[in-house]
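Subject: The structure I promised you

Hi there,

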Amino acid sequence: MKNPFSKKTKGPKKPLTIEQKISRRNFISFGTFFIVSGAAYGGWKWLYNSPEEVATVTAGARAPLRRALNKTELAFRRVFSNNHLVKTYPKAMAAKNVRHNEDIGSEGKIDVAAWKLQVKKQSGEVLSISLADIKALPKTDIVFDFKCVEGWDQISHWGGVKFSDFIKHFKLDDQTALQYVGLETPNKGYYVGIDMPSAMHPQTLLAYEVNEKPLPPKHGAPLRLIIPVKYGIKNLKRIGTITFSNQRPPDYWAEQGYDYYSGL
Amino acid sequence: MKAIKEKHPLAMRWTHWVNFPILTIMIWSGMLIYWANDEYSITLFGHTFFSFFPEGFYKTFNITHRLSEGMAFHFLFMWAFALNGLVYVLYTIISGEWRELVPQKKSFKEAWLVLLHDLHIRKMAPPQKKYNAAQRIAYTAIIVMGFGSLITGLAIYKPVQFYYLTWLCGGYHFARIIHFALTIGYVFFFLIHIIQVILAGWNNFRSVISGFEVINVKDPEPIIETPTPPADEKPIQ
């Protein structure tokens, strides 16, 4: 069958000259190069100028980057294991002067005697637990390298109750079927959300001591979270309330563009 | 007569040019992160020669107070950086292209001769195939560096889950230092790379986009028919 539209076929095509070959290949490759470069630049502009996410439990990040952070969280959650322990050090290596960055939500002094930890079960039942009740549980010490999201780190020594021991003792096991633990300071000025596996990690503590002395106010008296599998931003000082939920609890720094998971 | 000589395969051209913007974004977002704890300097015998980085540098490039932004970009583009690197390495292995790239025994000695030649101290450069000895070392080193960035990056990103990588990198502090130093290395590589590309000229640069170089080949000798003398003819004395 002859193609009726190709009237110009006059025998075999002439082979391209070398010059024609060169300019043809240059045209195709440089054309592709500039088009793809342009598209890449356009893609970058789109990402850089993409709107901020709608403020929910997370806020302050570009919407596509927040989606990426959440996807990346899922990928790295797969390698999380209770068998992966943070490296521990001998007591002698712990800093005497423990670094102090922020007091958001735990400013000033607190009346330790009057303080009670409120544990809100999902059923609505509230446990009110005194510091003495917590100190009565077996104590765990940890000397580890505390890591700040800013990039600094410091070996420090903390003492308290394993979060998992605390859960068992107060018969909160059913609550651990939920996906998240929320912690808040008594004045609700600072709050964090922790995924359940990280909270139940064997090195997560409800700490009441630093360097074998009761926590001073600036380090979160009377009780703070020490969670070595997270950056410092998740190590909430002066715990007021603990909640359990299947939804992500509010998180102070996740509302300011930081990754919700912030796991190490 | 001109001729086309194939030089860079398509896969190498793509991965090269894809890497360029990704690495730029990784370095930039890395700076946003580093600013939050910019503790490194070159200090010898108590005298600080250079502090990374001067305030003016941060101001010029608008780097301050952008930690969360830096992390968000860094932890997205790390995937692209790793993936593109993986594609490149797999390609060079499967295609056999690595033979042109990996330094040979003689490369380390020859690289000096190449350097002397490039600095116009020595007239002759050692003979080479696709890449000269210095290029073999540089282009292999940059891949090792990229792998190093990936490993040290993971070591400081997830030091608990990848504790063995952190240990392998000499601990959290040392891993962060290597991660930083490698980045400075990329900047130096880039500067020298650009100078060399400019000196090598258009034909060379074009080959990284179009894949081929134009070379001159000798025109084929015209065919001259030599008449065979008749048998009865006497040769001319």
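A nonpolar core here means a set of buried Ala, Val, Leu, Ile, Met, Phe, Trp, Tyr and Cys residues joined through side-chain atoms within 4.5 Å. Please keep in mind that this is a predicted model.

**The cores**

The largest nonpolar core has 88 residues, and the members that touch the most others are Leu117(A), Phe166(A) and Ile242(A). The element that gives the most to this core is helix α3 (residues 67-95) of chain B, with 8 residues. What does Ile242(A) contact beyond its neighbours within four places in sequence? Its partners include Leu117(A) and Phe166(A), along with Phe163(A), Val181(A), Leu183(A) and Leu206(A). Gln118(A), Val119(A), Lys120(A) and Gly182(A) are also in contact with Ile242(A). There is a second, separate core of 9 residues, and among them are Met31(B), Tyr34(B), Phe53(B) and Tyr58(B).

**A helix between the chains' elements**

Helix α2 of chain A (residues 63-77) has 15 residues, and the 21 Å from its first C-alpha to its last is close to the 21 Å expected. Its buried residues are Ala63(A), Pro64(A), Leu65(A), Arg66(A), Ala68(A), Leu69(A), Thr72(A), Glu73(A) and Phe76(A). An α-helix has 3.6 residues a turn, so residues three or four places apart point the same way. Which elements cover the buried residues of α2(A)? They include α1 (18-48) and β5 (180-184) of chain A, together with α3 and α6 of chain B.

**The second largest pocket**

This pocket holds about 790 Å³ of space. Its lining is made up of 33 residues, and those nearest the centre are His74(B), Phe75(B), Gly153(B), Ile156(B) and His179(B). In chain B, α1 (10-35), α3, α6 (133-157) and α8 (171-200) each supply at least two lining residues. By type, the lining divides into 24 nonpolar, 7 polar and 2 charged residues.

Ala11(B) sits in helix α1 of chain B. Is Ala11(B) buried or partly exposed? Its relative accessibility is 28%, so Ala11(B) counts as partly exposed. Although Ala11(B) and Tyr88(B) are 77 residues apart in sequence, their C-alpha atoms are 7.3 Å apart in space.

His100(A) belongs to the loop between α2 and β1 (117-120) of chain A. With a relative accessible area of 30%, His100(A) is partly exposed. Leaving aside neighbours within four places in sequence, Lys218(A), His219(A) and Lys237(A) are in contact with His100(A). From His100(A) to Ser262(A), 162 residues apart along the chain, the C-alpha separation is 19 Å.

**Backbone points to check by eye**

Ala221(A) and Pro222(A) are joined by a cis peptide bond, with omega about 0°; Pro222(A) is in the loop between β8 (213-214) and β9 (224-226) of chain A. A cis peptide bond also joins Phe52(B) and Phe53(B), again with omega about 0°. Phe53(B), which belongs to the second core, is in the loop between β3 (47-51) and α2 (55-60) of chain B.

Lys171(A) is not a glycine, yet has a positive phi of about 55°. Lys171(A) lies in the loop between α4 (163-169) and β5 of chain A and, at 62% relative accessibility, counts as exposed. Asn211(A), in the loop between β7 (205-210) and β8 of chain A, has a positive phi of about 50° although it is not a glycine.

Happy reading, and best wishes

Technical notes:
Residues numbered from 1 in each chain as written. Chains lettered and ligands numbered in written order. Predicted model: local features only at pLDDT ≥ 70, side-chain atom pairs only at ≥ 80, totals over all residues. Heavy atoms only, no water. Buried < 20%, exposed > 50% of the residue type's maximum accessible area, 1.4 Å probe, protein only. Helix = DSSP H or I, 4+ residues; strand = E, 2+ residues; numbered from the N terminus. Contact = heavy atoms within 4.5 Å. 1 Å grid on protein atoms, 1.4 Å probe; cavity = no way out; pocket = protein on both sides within 12 Å on 5 of 7 lines; lining within 4 Å. Points joined across faces, edges and corners; volume = space filled by probe spheres on them. Nonpolar A, V, L, I, M, F, W, Y, C, P; charged D, E, K, R; others polar. Expected span 1.5 Å × (residues − 1).
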